[in-house]
Amino acid sequence: MPTYNAPLRDMRFVLTELAGTERLRGLPGCEEIGPDLVDPVLEEAAKFCSEVLLPLNQSGDAEGCTLENGVVRTPKGFVEAYRSFCDGGWTALGADPEWGGQGLPKSIGLLVEEMICSANMAFGMYPGLSHGAYAALEKHGTPEQKALYLPKLTSGEWAGTMCLTEPHCGTDLGLIRTRAVPAEDGSYRITGTKIFISAGEHDLTANIVHLVLAKLPDAPPGTRGISLFVVPKYLPTEDGRPGPRNGVTCTGLEHKMGIKASATCAMAFDDAKGWLVGRPHKGLLAMFTMMNEARLGVGVQGLGIAEIAYQNAVSYARDRIQGRGLDGTKAPDKPADPILVHPDVRRMLLTMRAMTEGCRALSAMAALEHDVSLRHPDPAARQAADDFVQLMTPIIKAVFTDTGWDAAVLGMQVWGGHGYIRDNGMEQFARDARITQIYEGTNGIQALDLVGRKLGAHGGRYLRSFFHPVLAFIEAKSEEPAMEEFILPLSKAFGRLQQVTADLAQRGLRDPFEAGAGASDYLRLFGLTALAYAWARMAEIALDKPDAFYKAKLATARFFMQRILPETSSLAAKVLAGGETLKAFEDAAF
Ligand SMILES: Cc1cc2nc3c(=O)[nH]c(=O)nc-3n(C[C@H](O)[C@H](O)[C@H](O)COP(=O)(O)OP(=O)(O)OC[C@H]3O[C@@H](n4cnc5c(N)ncnc54)[C@H](O)[C@@H]3O)c2cc1C
């Protein structure tokens, strides 16, 4: 069975030394953030994940969920684990104290989420979806809706879902057919079919709060005509307890590649009673609140999988003996050396490590800005921080989830044939990771979001929230000899990014096909440059520190700069080549 030790040392490093807890402590509600508060939370989370969630990961995968007469059962042990999860206060970690939450910042919440995703990503889907429902209702719900639902979602007594997808529409939500008809009592009657609904039905909670996109009778066509509704599985009674069953049922469970313990449901809404959330026809806007949070969360799923795949690849590479080292025998007392000595195995492990630690660093930087964007008293500071989060959200979602998949595949490769064997648990990481590149907007759609919505937004303001600090950092450090090996590659990659950004913006304005043709490569170029910035900053902190942790940081930073970052050169060439070859190919020839 795979093992997992939460990377607490690295988590503390990115939180306190890289992102910096001083800035966090300056925010209202975060004054107490320090080791006395953070360490016990992270240590308890680590313990819960290793002792409760990890042991259910393989069994949950093997057993999956079952559907019988409309009732979905989660795998053995999930109900008890969920109960302990709620009792431990983990559902309430980031929620507002007004609703019974602990009010901890995202900077801590994302670290805990990473641990959950490493230990048992399928389990994490249930509280993850509830968290998204909480975010949408908190921002757009009426005071009555908040008072009714938020305490229950915070305690974990009730769970949430996000019902967007229909059989004929996933990416293009303007096509949805689910209808909402106003009723005389101010509620609505919702009718339609939703598919692929994570946590749509299960046995973990007393009630399930569905957030559903539907169209009102007078809806304008397309995405401008979508409204958001809250549709509980059981209609709440006057005193807020689950009452009569609503007209919403699970009609099928998907059989899928991974996250088998997460129930992916087809849902029928049959004249179900629901209430409007936010304004009529503005549902997509409200859903975006949830989606931005969820996209960061999905990115962290990728990071979590990458971490556990790395840990188990390293431990295998230390134990497995095959062949002799190319630079001499390393274990003369044994018939062969551990595979850890082989350069190709080291390449795989360091690639996994450099990407994983880089993503964790970028995640901590984004989480801090997220906290500033929500809590800072000065609106200008809030906006500046939000600009960075807006820009980084599609990058984090796509690059982190690609990292999760790549690391899972590399982890299997380190294990050789044994990685392909189910009992060893490595192939599950690949199967679980794969969906993260698809849901919450495919990674291709993230790239379009970056190029189409984020680059030009507010006259390039989002872009400046990254470009300016990177430029300032390069300028400030370019005279320091010890930093040269990090600053030089960073500034080269950054130069490429600037050039390609200008080129793509120009061509994209003339012809949107050109923007679309370069978008995915551009996103990766941007992502790797952002990771290089994070690595250069980490290297600066690690310089001259004798501790083994910092020495390994520096060594990993060198690997990233020399063996991963050069990919930006080919990415730039691909984007600059333009979209003509894509356009010119005859449809009939495919
Ligand atoms: C396990 C699982 C869990 C899920 N959970 C949920 C959930 O809880 N709630 C929910 O509502 N949905 C959920 N989904 C649905 C998921 O979000 C969608 O599958 C995803 O958004 C893609 O939609 P689609 O499958 O219809 O693909 P399509 O939209 O048909 O896309 C197919 C391909 O075309 C590309 N494409 C489509 N449009 C464009 C475009 N304009 N430009 C460029 N490329 C384009 C896509 O990138 C993709 O590669 C889940 C799906 C799965 C498999």
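User: Which residues is phenylalanine 560 in contact with, leaving aside neighbours within four places in sequence?
Analyst: Phenylalanine 560 touches Ala354, Met355, Leu528, Leu531, Ala532, Trp535, Leu565 and Pro566, where contact means heavy atoms within 4.5 Å. This is a predicted model, where local features need pLDDT of at least 70, side-chain atom pairs count only at pLDDT 80 or more, and totals for chains, interfaces and linings use all residues. Residues are numbered from 1 along each chain as its sequence is written, and side-chain values use heavy atoms, with hydrogens and water left out.

User: How many residues has the largest nonpolar core?
Analyst: That core has 195 residues, and Phe560 is among those with the most contacts inside it, as are Met115 and Tyr522. A nonpolar core is a set of buried Ala, Val, Leu, Ile, Met, Phe, Trp, Tyr and Cys residues joined through side-chain atoms within 4.5 Å. Buried means under 20% relative accessible area (1.4 Å probe, protein chains only).

User: Which helix gives the largest share of this core?
Analyst: Helix α14, residues 512-542, with 18 residues. Helices are DSSP runs of H or I, at least four residues, and strands are E runs of at least two, numbered from the N terminus.

User: And what does the secondary structure come to for the chain?
Analyst: The protein chain has 17 helices and 11 strands.

User: What share of the chain is buried?
Analyst: Of its 590 residues, 57% count as buried.

User: New topic. What are the spans of the C-alpha trace?
Analyst: About 80 × 60 × 60 Å along the principal axes of the protein chain.

Notes: Buried < 20%, exposed > 50% of the residue type's maximum accessible area, 1.4 Å probe, protein only.
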